[in-house]
Amino acid sequence: MIDILRSEWTKIRSVRSTVWTLAATVALMVGIGALISAANRGNTDGPIPADEAIAGSLVGVMFASLSLATLGVLVISSEYRTGGIRTSLMAVPKRLSLLTGKMLVFTATALVTSAVASAAALAVGLAIIQPPSLVLGDAARAVGGAALFLTACGVFGLGLGTLVRHTPGAIMAATALMLVLPPLMNQLPGQWGRTVADYFTTNAGMLIANGQSSASLGPWSGFGVYLVWIAVTVVASAALLLRRDA
């Protein structure tokens, strides 16, 4: 497994798409957070509470999630596009070991990048807003929650990329499941509609990022629901990886 991890690390750091998508993740987090923080500061005469300052600083998390999901897709779909997957499978005949190696390397890369991006966005936002008081525990929770959510979105993209094997199709699927369909679910009528909306992909996963609770879920239970969505996708993609030709 060590050789697989070393090989996958070499792959992921040697392609330009990795650098650009990781840079885009940081830029989206910091840039959007700074813009919203500056707007909030300019539109408010009095001091802004710390919780509002934290929320405004990390508002770019949904946009950054798509950037990391795109990288997750590219980690596997680019090999199918170029035919490199055949070489990878010749070097590592155990397909599940290959997929596991990709996921471990990508998860570590995404987690580090997400933590740095979230911490930088929060630092810039707080420097702009300058709240009168700040509990460090709340700031650390917000950074950790945002980093976990972003990393999960990246793994979701990797699972979809393995499942679809086509870069545009997988990115469109990630966009629909993470950004388009969740708000639409909130329009479903009745109690059953609210329950479906609460348990739908990023509606549940975002609770860990913003530290809030829905009618049905808390931050950690919501994140657990999101991980179930991701696990189902990954298991389905692994099953198809074993059955389909490269």
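A pocket, on a 1 Å grid over the protein atoms alone, is an open set of points where a 1.4 Å probe fits, with protein on both sides within 12 Å along at least five of seven lines, and its lining residues have an atom within 4 Å of a point.

What you see is a predicted model, in which local features need pLDDT of at least 70 and side-chain atom pairs count only at pLDDT 80 or more, while totals for chains, interfaces and linings use all residues. Residues are numbered from 1 along each chain as its sequence is written, and side-chain values use heavy atoms, with hydrogens and water left out.

With that settled, I begin with the second largest pocket, whose space comes to about 250 Å³, a volume being the space filled by probe spheres set on grid points that are joined across faces, edges and corners. Of its 15 lining residues, K11, V15, L74, V75 and S78 lie nearest the centre. Two or more lining residues come from each of α1 (2-13), α2 (16-43), α4 (61-82) and α6 (95-129), and α4 gives the largest share, six residues. By type, this lining holds seven nonpolar, three polar and five charged residues, where Ala, Val, Leu, Ile, Met, Phe, Trp, Tyr, Cys and Pro count as nonpolar, Asp, Glu, Lys and Arg as charged, and the others, Gly among them, as polar.

The largest pocket holds about 300 Å³ of space. Its lining has 18 residues, and D51, I54, A55, R141 and N210 are the ones nearest its centre; the elements giving two or more residues to that lining are α3 (50-57), α7 and α10 (201-210). Here the division is 12 nonpolar, three polar and three charged.

Helix α3 also holds S57, which counts as buried at 0% relative accessibility; buried means under 20% relative accessible area, exposed over 50%, and partly exposed in between, with a 1.4 Å probe and protein chains only. Leaving aside neighbours within four places in sequence, S57 is in contact, meaning heavy atoms within 4.5 Å, with M29, G33, S37, A121, L122, G125 and L126.

M29 brings us to the largest nonpolar core, which has 55 residues, and M29, L58, F106, F149 and Y226 are those with the most contacts inside it. Such a core is a set of buried Ala, Val, Leu, Ile, Met, Phe, Trp, Tyr and Cys residues joined through side-chain atoms within 4.5 Å. Helix α7 (residues 136-164) supplies the largest share of this core, 12 residues. As for F106, its contacts beyond four places in sequence are I12, L68, L71, G72, V75, G154, V155 and L158.

Finally, what follows helix α6? The helix itself has 35 residues and reaches 50 Å from its first C-alpha to its last, close to the 51 Å expected at 1.5 Å a residue, that expected span being 1.5 Å times one less than the number of residues. After α6 comes Q130, with a positive phi near 55°, in the loop between α6 and α7, and Q130 is exposed, with a relative accessible area of 54%. R165, in the loop between α7 and α8 (167-185), likewise has a positive phi, near 65°, in a residue other than glycine, and R165 is partly exposed at 26% relative accessibility.

Note on methods. Helices (H or I, at least four residues) and strands (E, at least two) are DSSP runs, numbered from the N terminus.
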